[in-house]
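Me: Please go through the geometry of this model with me, one question at a time.

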Amino acid sequence: MTDIDVFDPRTFARGVPHEALRLLRDTDPVSWQEEPEIGIWPAGRGFWAVTRHEDVKHVLRTPEVFSSALGATQIRDPDPADLPFLRRMILNMDPPEQVRLRRIVTGTFTRRRLELFAGVVRERAAALLGAVAGRGSCDLPREVTDDFPLQNLADLLGVPAADRSLLLEWTNRVIGYQDPEHAHVVTDAEGRPVNPRSPAQLADMFGYAEQLAECKRAEPADDLMTALVWAEVDGERLTDAELKMFFFLLVIAGNDTVRSALPGGVLALVRHPDAYRRLRAEPEILPSAIEELLRVHPPVLTFRRTAARDVELRGKRIARGDKVVVYHVSANHDERRFPDPFRLDLAREPNDHLSFGQGPHLCLGAAFARLQMREFFTEFLRLPQVELDGEPRRLVSNFINGITSLPLRW
């Protein structure tokens, strides 16, 4: 058994531990990881880390063996009392319940609805980048890319302008709980930290979602929240609880995916200036470039499953109930699938990255994320070639591949 730690979120804050992950892929691709106490967060029971592309894809494609519902999808075990609540979210469901819910909502994510936003999204990118262009420098997340997906998501959902700061507050609370910059830790009567995804910690978000849904029922509009309220397949609609959980998923995942991907993509270009120059000279390769930027900087580092039965993977005997964590960031750099994986090849083909998942939980919002990346980078390439103007700061997280500060100059 290889003694390599790829659990500690503080490790990822220093940079993705690519060398450690490569060693695991080569020597122990399904490795047992301890889950020690981190700060005020108690120790966990440990998990199996799956690091090869083929195995990550297999785990994600076999929900009957590797369940999303048994223990939800975060490495840290939820409070057992919270599990029934968490299982109302499609992310924490298995087929057939997950398939039923996905059928109802898939029709709301139409190409027409998303492309109607393309012009607004590009205008927003141009305005945010234009505000810093003449200055010759900026901190990209804090001045551009934190606000960009937040405002796009608010437009798509139909959230009034006055309420949009709430979306950022909720995202930071749920995603940034391991990071001292964002953490607002609540403790229980015994002084133990309360999971930020617990019902008590999300009461204000769900109360807002309920009010917004009532507004859309009373005054329908051409937005996603209205579409979700009225979505129907074979006479079935979302229940109030399911609707609130979808709002939660869209606010958190819909915001933070692009919020992480954009500065990550820019940083990849800055660190590979030849590839960056090629993209500036050949903007027609932008669609394939976006896929390569997603490969090298997946927004999500890991996702958890739970073994539904005893199973063997790569010679390791995984017991029913064991936690199994797939490492997207490792799979995307697996030399067995991607020749020369640390080279930024903006025309890479094929590019079977797993940044948006695989199988029944393939990301519902992937098309909207790609649209936002397309419009952002179209405008970003109008700037002169940028350089680093200081050290980037990464989110303290073993889940989200976030960059909280990226000083640039041009």
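This is a predicted model: local features need pLDDT of at least 70, side-chain atom pairs count only at pLDDT 80 or more; totals for chains, interfaces and linings use all residues.

Me: How are the directions of α7 and α9 related?
Reply: The axes of helix α7 (residues 118-133) and helix α9 (residues 147-157) come within 10 Å and cross at roughly 150°. Angles over 145 degrees count as roughly antiparallel. That makes α7, relative to α9, roughly antiparallel.

Me: How many residues of the contact of α7 with α9 are nonpolar, polar and charged?
Reply: On the α7 side the contact is made by V120, V121, R124, A125 and L128, which meet D147, F148, Q151, N152 and D155 in α9. The residues of this contact divide into 5 nonpolar, 2 polar and 3 charged.

Me: Which strands stand at the edges of the open sheet?
Reply: The open sheet has 5 strands with mixed pairing, in the order β1-β2-β8-β5-β3. A strand with a single partner has one side left without a neighbour in the sheet, so the edges are β1 (30-33) and β3 (66-67).

Me: Which residue in β5 is the bridge partner of S67?
Reply: Strand β5 (residues 302-307) and β3 run antiparallel, and 2 bridges join them. For S67, the bridge partner in β5 is T306.

Me: What angle does the direction of helix α3 make with that of β8?
Reply: Helix α3 (residues 53-61) packs on the sheet, where it touches β2 (47-50), β3, β5 and β8 (323-327). Between the direction of α3 and that of β8 the angle is about 125°.

Me: What is omega for the cis peptide bond that joins P95 and P96?
Reply: P96 has its place in the loop between α4 (83-86) and α5 (97-106). The bond that joins P95 and P96 is cis, with omega about 5°.

Me: Where is P350, which a cis peptide bond joins to E349?
Reply: The cis peptide bond of E349 and P350 has an omega of about -5°. P350 is found in the loop between α16 (328-331) and α17 (366-380).

Me: Does D234 count as buried or exposed?
Reply: D234 is found in the loop between α12 (224-230) and α13 (240-271). Its phi is near 55°, a positive value in a residue other than glycine. Exposed means over 50% relative accessible area. The relative accessibility of D234 is 66%, so D234 counts as exposed.

Me: What is the phi of D340?
Reply: D340 lies in the loop between α16 and α17. At 46% relative accessibility D340 counts as partly exposed. D340 is not a glycine, yet its phi is positive, at about 50°.

Definitions and conventions. Residues are numbered from 1 along each chain as its sequence is written. Side-chain values use heavy atoms; hydrogens and water are left out. Axes are lines fitted to C-alpha atoms, for helices over the stretch in contact, and angles run from 0 to 180 degrees between N-to-C directions. Helices (H or I, at least four residues) and strands (E, at least two) are DSSP runs, numbered from the N terminus. Angles under 35 degrees count as roughly parallel, over 145 as roughly antiparallel, 65 to 115 as roughly perpendicular and the rest as oblique. Contact means heavy atoms within 4.5 Å. Ala, Val, Leu, Ile, Met, Phe, Trp, Tyr, Cys and Pro count as nonpolar, Asp, Glu, Lys and Arg as charged, and the others, Gly among them, as polar. Two strands pair if DSSP finds at least two bridges between them. Buried means under 20% relative accessible area, exposed over 50%, partly exposed in between (1.4 Å probe, protein chains only).
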